[in-house]
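This report looks at a few packing and pairing features of one protein model. Please keep the sequence and the structure at hand while reading.

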Amino acid sequence: MRSYNQYCSMARALDIVGDRWTLLIVRELLTQGRCRFSDLRRGLPGIASNLLADRLRDMEAADLIVRHHEPPPVATSLISLTGRGRDLGGVVRELTRWGAPLMAIPPADDEFRMHWFSLPLRYLCRDNSPNAPATSVRFGDLHDGCDVIAGNGEVEVRPCSTDLQPDATVAAPPEVLVAVFTGQLSVRVAKAEGLVIDGSIKAFNRILPKGRRHD
């Protein structure tokens, strides 16, 4: 079986359902938002630059993406999903959910990017203290990560921003994060497996799926 060799539930699902890059490019544009060609390349280990360029041309012709030619000081083209491209978010969500059972044990040579985890976080996180002031948790860092903001019973997951000072910053081996958010490990046990929470443990507990909070 051919593999993308990426430790991402969506990529693992695509190992089973098809050897195409289109939906993984959609994944990047859903998680990163409007971005450069080089940003896409960093988020797609294993794809050659010429193949990515070909696929983007195909996607543009299919009205899935649009290029924005930015003036100085940006002075480059940025790529984003069209409305039709964003409609694939439901497909991505279902592939992410379907692929979750394939994530239990990561192969040693699988790649991982923290921002990939933002997709399952959108569906797993909950605001367990809706009456409390808003709080934020950063997974990873500004270079590769995502911010989770909880408040008023709602949860938003978005690319890391320099404008946000998170209440907690989280780092861990990817399989440990998966185990915590799927209820296989408590936070206490996960800390012994490499989970590091810098800042408010209360903020981290607040966004865990219901019934999985542990000090």
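The model is a predicted one. In it, the axes of helix α2 (residues 22-32) and helix α6 (residues 89-99) come within 10 Å and cross at roughly 105 degrees. Because angles of 65 to 115 degrees count as roughly perpendicular, α2 is roughly perpendicular to α6. On the α2 side the contact involves L23, V26 and L30, which meet G89, V91, V92 and L95 of α6. Sorted by class, this contact of α2 with α6 holds six nonpolar residues and one polar residue, with no charged residues.

Strands β4 (residues 145-151) and β5 (residues 154-159) run antiparallel and are joined by six bridges, with D147 standing opposite R158 in β5. The two strands form a hairpin that leaves two residues between them, and N152 in this turn has a positive phi of about 55 degrees.

Helix α8 (residues 174-181) is mostly covered, seven of its eight residues being buried; the buried residues are P174, V176, L177, V178, A179, V180 and F181.

| Element packed against by α8 | Residues |
|---|---|
| α7 | 118-124 |
| β3 | 135-140 |
| β6 | 168-171 |
| α9 | 187-192 |
| α10 | 201-207 |

After α8 comes G183, which has a positive phi near 80 degrees.

Technical notes:
Residues numbered from 1 in each chain as written. Predicted model: local features only at pLDDT ≥ 70, side-chain atom pairs only at ≥ 80, totals over all residues. Heavy atoms only, no water. Axes fitted to C-alpha atoms, helices over the stretch in contact; angles between N-to-C directions. Helix = DSSP H or I, 4+ residues; strand = E, 2+ residues; numbered from the N terminus. Parallel < 35°, antiparallel > 145°, perpendicular 65-115°, else oblique. Contact = heavy atoms within 4.5 Å. Nonpolar A, V, L, I, M, F, W, Y, C, P; charged D, E, K, R; others polar. Pairing = 2+ DSSP bridges. Buried < 20%, exposed > 50% of the residue type's maximum accessible area, 1.4 Å probe, protein only.
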